Amino acid sequence: MERKVRVRFAPSPTGPLHIGGARTALYNYLFARQHGGEMILRIEDTDSQRFVPGAEEYINESLAWLGIGIDEGVKEGGSYGPYRQSERRDIYRKHVQQLLDSGKAYIAFDTPEELDAARQSTPNFQYDASTRMNMRNSLSMDKEEVDKLIADGTKYVVRFKIEPGRAVVVDDMLRGEVTIKSDILDDKVLYKSADDLPTYHLANIVDDHLMEVSHVIRGEEWLPSAPLHVLLYEAFGWTDTMPRFVHLPLLLKPDGKGKLSKRDGDRLGFPVFPLEWHDPKSGEISSGYREKGYLPDAVVNFLALLGWNPGDDTEIMSMDELIKKFSFDHCSRAGAKFAFEKGKWFNHTYIQEKSDEELAQLFMPVLAQEGVDTTNFTPDYIAKATGMVKGRVNFIGELWDNAKFFFCAPDCYDAKSVKKRWTEGMGGIMKELTDVLDEFDDFTSDEIEPRVLGWIEEKGYHLGNVMNAFRLAVVGECKGPHMFNITALLGKEETLSRIHTAVSRLGYGPANAE
C-alpha cells in the first residue's frame with residue numbers, strides 16, 4: 001500500500017527565514033498539495049545556544065505571507081505533536097537509551113581539551129572505529145568507571161557507533177542512488193547531557209519517523225548527513241518507513257561563485273528574507289520582500305523557477321498552476337543563480353495583472369504613510385490614479401513617486417524642466433490656455449484634446465514646449481501619463497488652479513524653479 005504523502009519543513013529559530021529556506025518550504029508545499037498530502041512545520045530548537053527571540057514567529061508569518069499553508073505545527077496543532085523539539089525531551093531520551101541498550105551507540109566523556117589534543121596529535125583525526133578505543137568512552141572504559149562518572153554528574157555525550165566497511169546507499173529522488181562508504185563517516189554526537197537535548201541528527205530521524213514523514217525535501221547542504229540518517233533508520237529497525245530523500249540545489253550568488261548570502265543582498269541591493277527582520281541582539285534591520293513592495297504571488301512564482309521549470313517556456317504561474325505542474329523530474333541538480341533582476345520583472349508583471357481596484361487597496365497604506373487623507377478621495381478616483389501609473393512601476397511603493405501629483409498639487413517645479421520649457425512668454429501662453437480650458441464644463445470630454453492642440457497650431461506655438469509647460473504646471477515635472485487623462489481625473493477646478501499657481505510662481509518669462 002502506498003504511503004500517504006507527508007512532508008515537513010523544519011527550520012531552526014536562530015534568525016530570520018532565508019529566501020533559500022523559503023524555496024525549500026515552497027517545494028515541500030507544492031509536492032504535498034499535488035499528491036493530496038500534508039505539510040508539517042516543525043521547529044528544530046535543540047541548539048539552545050543559538051536560539052533567537054522572535055525567530056519562530058517570524059518563520060510562521062513569512063510562510064503565511066507567501067501563502068504556504070501548514071497543516072500541522074506549533075500554531076496549528078495536530079496528532080503528532082509537540083511540534084517544537086525542545087518540548088520532546090522525554091521522547092528523545094527513550095530513543096537514546098534504545099540505541100545504548102542495543103549497542104548501536106555509546107557514552108563518551110572526552111573534554112574539549114582532550115579532543116583538541118587528539119586532533120593535534122593525529123592528522124585528519126576522526127572519532128571513529130580507528131580511534132574510539134583510544135578515547136574516554138564506554139567502549140574503552142570499565143562499566144564501573146562509566147557509572148561512577150555519570151553518578152558524579154560528569155558531562156557526557158552519546159555517540160552513534162558507525163561500523164566500517166559498509167556501502168551506505170541514499171535513495172535520492174533528484175540525484176538517484178548516492179553511495180557513501182561508512183569508513184569516511186565519524187561517530188556523530190546524538191545527545192548532550194549538558195542541556196539534556198539531542199543533536200539535529202537524532203531528533204531529525206526520531207521525529208520524521210514518529211510523525212510519519214514520507215518524503216524529506218531539504219537543501220543540498222544536508223546531503224552529507226543523509227548516510228548517517230540511513231544508518232540510524234537501520235539501527236532503530238525502521239527501514240520499512242524510511243522516507244524518500246530529495247536534496248535540492250543551492251541558491252547561488254547572482255555574480256561570482258558560492259552560496260547566496262545576506263552580504264550579497266546588501267551589496268547588490270535586494271532582500272534575502274521574505275519579511276523585514278529586526279535583529280533583537282544587534283538592532284540591525286534587514287530588508288524584506290514584503291516591505292520592499294513585492295507581491296507574495298510574484299515572489300512565489302520567482303522562487304519556484306529557481307532550480308525548477310515546468311517543462312516548457314511558461315513563466316507566469318499561480319500557486320494552483322505550480323501545484324499542478326510541479327515535479328522533481330524537472331528540478332536541476334546544479335545550483336541556481338539568484339537572478340534578482342528577474343524577480344523585479346515578475347513583480348512588475350504581477351502588478352500589471354492586478355485590477356486597478358486591487359492595486360488601490362495595496363496603495364492605501366502608502367498614501368496614509370505619506371500623509372494623504374484618503375477620505376478626501378473616492379475609491380474610484382484612487383483606482384483610476386493607480387491604474388494610470390501602474391505600468392511604470394516594479395513595486396507598490398513606487399506608485400507614490402509616480403502618482404503623488406494626483407493627491408497633492410506641486411509645491412515646487414523641476415528645475416531642468418523649468419529652464420528648458422518655461423521659455424520667454426510661457427506664463428502668458430499658460431494664461432491663454434486657461435481661457436481655452438475654461439470653455440469646458442466637463443473635463444472628461446473627448447473634445448478637449450483636439451481643441452487644445454488646434455489652438456496651439458492656430459497660434460503657431462511650439463507644440464512640445466506648450467504641452468510640456470502645461471504638464472510642468474499641473475504635475476510639477478515633465479513626466480507622467482497622457483496629459484488629458486490626468487486633467488480628466490483632476491477635474492476643471494483643480495487643473496485651472498494649478499496652472500494659475502504655476503504662472504504666479506514661475507512668472508511670465510524665463511524663471512528659476514522654487
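## Helix packing, cores and a buried arginine

Helices α3 and α6 are roughly perpendicular to each other (a label for angles of 65 to 115 degrees). Their packing angle is about 105°, and the axes lie 10 Å apart; α3 spans residues 89–101 and α6 residues 200–210. On the α3 side the contact (heavy atoms within 4.5 Å) uses I91, Y92, H95, V96 and L99, and L202, A203, V206, D207 and L210 come from α6. Eight of these residues are nonpolar, one is polar and one is charged.

A word on the model: it is predicted, with local features needing pLDDT of at least 70 and side-chain atom pairs pLDDT 80 or more, while totals for chains, interfaces and linings use all residues. Numbering starts from 1 along each chain, and side-chain values use heavy atoms, leaving out hydrogens and water.

Now to the cores, which are sets of buried nonpolar residues (under 20% relative accessible area, 1.4 Å probe) joined through side-chain atoms within 4.5 Å. The largest has 114 residues, and F407 is among those with the most contacts inside it. Helix α1 (residues 19–34) gives the most to this core, nine residues. Apart from it lies another core of 38 residues, including V206.

R175 is buried, at 16% relative accessible area. Its side chain has these partners (a polar contact is a pair of N or O atoms within 3.5 Å, one able to donate a hydrogen and the other to accept it):

| Partner of R175 side chain | Distance |
|---|---|
| E220 side chain | 3.1 Å |

Methods
Axes fitted to C-alpha atoms, helices over the stretch in contact; angles between N-to-C directions. Helix = DSSP H or I, 4+ residues; strand = E, 2+ residues; numbered from the N terminus. Parallel < 35°, antiparallel > 145°, perpendicular 65-115°, else oblique. Nonpolar A, V, L, I, M, F, W, Y, C, P; charged D, E, K, R; others polar. Buried < 20%, exposed > 50% of the residue type's maximum accessible area, 1.4 Å probe, protein only.
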